[in-house]
Amino acid sequence: MKISVVIPTLNRPEMIVESLKSVINQTVSDLEIIVVDGSNNDDTERQIDLLNDERIRYFKIKNHSAANSRNIGIAKSTGDFVAFNDDDDVWCSNKIEKQIACIKNISCPKIVYCSFTKLRRKKTTIIPDNKTQIQNKGCYIYNTILQKNFIGLPTVILPLACCREVMFDENLYCLEDWDWIIRLAQKYPFQFIDESLVLAGDTPQSVNKSSYKKKAASYERIYNKYMTDIQLVPPKEAKHLLSIGNNLYLAGEIKKARKYLLKSLKLDSKNPKIIAACLLSLMGTNLYYYCFKMFEFLTHSEP
């Protein structure tokens, strides 16, 4: 059973080396490692050459988005299954071995994922939490994943045929991994390994932190794509609207942001996060931004 590992990278040569080493050192050796490099310099290629591993297939592209890079990686894949890693994430050495063992015990094609450890400000958090784990062992997870993404892309392994059927949405500048998992969850069951096998990085260059406007647009696109199902559960819809409004406010689009925040409040008037966001939206962007960052710091997540 051959595994294709797709790793997109963009101007982070000092990070991708550790990511690649964690893949190269897997206890399973039947791998091809597809690096899709959108960097505007040659440092990444030089670092990869120093690893001297013939399983690495390197492709230099004019980068458009992470979604585009991953789709290119899928198109280049020749394995039976595909796994993904990011250039700032590290796998445990037996990750693929444990996932293959799980796949061999499954009678029908399923997508296998595991927990991951998020390192942020020297504190660690294991995702998904216990409550989500209990709800999502070996089943269809569409309704749950539609509310919140609890699956890290570097934890996923699935048949190449599934990847070819469900490609990444290249119109999403960020959150493309969540959207991709939502669409997979519409078609396939997911099998969960209750063990953290990935250490996820949290770098300042992350796309999700670089542009609140683009992040708001991505939340809005996801909301519009799955609106029919999202609107079946008002509290779920309220959370989606809060995410859109919150990022619009942080992007400086105050008037549009308040419309989303008020719609969210009408759907779930007892949610303390929504109440707080609506009140803070009347007090200026500086206070709003300060409270948002303080919430992130204390909870290791965004509202």
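1. Start with the pair K187 and E165: in this predicted model they form a salt bridge, and their closest N and O atoms are 3.3 Å apart. K187 belongs to helix α8 (residues 176-187) and E165 to helix α7 (residues 160-165), so to speak two distant parts of the chain, 22 residues apart, linked by this pair. Both ends are partly exposed: K187 has a relative accessibility of 43%, and E165 has a relative accessible area of 45%.

2. There's also a network to look at. For the protein, the count comes to 18 salt bridges.

3. With D87 it makes a salt bridge whose closest N and O atoms are 2.8 Å apart.

4. On the surface, have a look at the nonpolar patch made by I275, L279, L282, M283, L287, Y290 and M294, which together have about 680 Å² of accessible area. Two elements give it two or more residues, α14 (272-280) and α15 (285-299), and α15 gives the most, with three. M283 is in the loop between those helices and counts as exposed, at 52% relative accessibility.

5. Helix α15 has another side to it. F292 is in this helix, but F292 is buried, with a relative accessible area of 3%. F292 and L250 are 42 residues apart in sequence, and their C-alpha atoms are 8.9 Å apart in space.

6. K255, K259, K263 and K266 form a positive surface patch. K266 is part of helix α13 (residues 254-267) and is exposed, with a relative accessible area of 75%.

7. Finally, the overall picture. The protein has 15 helices and nine strands. Its radius of gyration is 20 Å, close to the 19 Å that the globule rule gives for 303 residues, so the protein is as compact as a globular protein of that length. The C-alpha atoms fill a box of roughly 60 × 45 × 35 Å along the principal axes, and 51% of the 303 residues count as buried.

Notes: Residues numbered from 1 in each chain as written. Predicted model: local features only at pLDDT ≥ 70, side-chain atom pairs only at ≥ 80, totals over all residues. Heavy atoms only, no water. Patch = residues over 30% accessible without salt bridge, like charges linked within 9 Å, V, L, I, M, F, W, Y side chains within 5 Å. Areas by Shrake-Rupley, 256 points an atom, 1.4 Å probe, with all protein chains shown as cover. Salt bridge = Lys/Arg side-chain N within 4 Å of Asp/Glu carboxyl O. Lys, Arg positive; Asp, Glu negative; His and termini not counted. Charge placed at Lys NZ, Arg CZ, Asp CG, Glu CD. Helix = DSSP H or I, 4+ residues; strand = E, 2+ residues; numbered from the N terminus. Buried < 20%, exposed > 50% of the residue type's maximum accessible area, 1.4 Å probe, protein only. Rg over C-alpha atoms; globule rule 2.2 N^0.38 Å.
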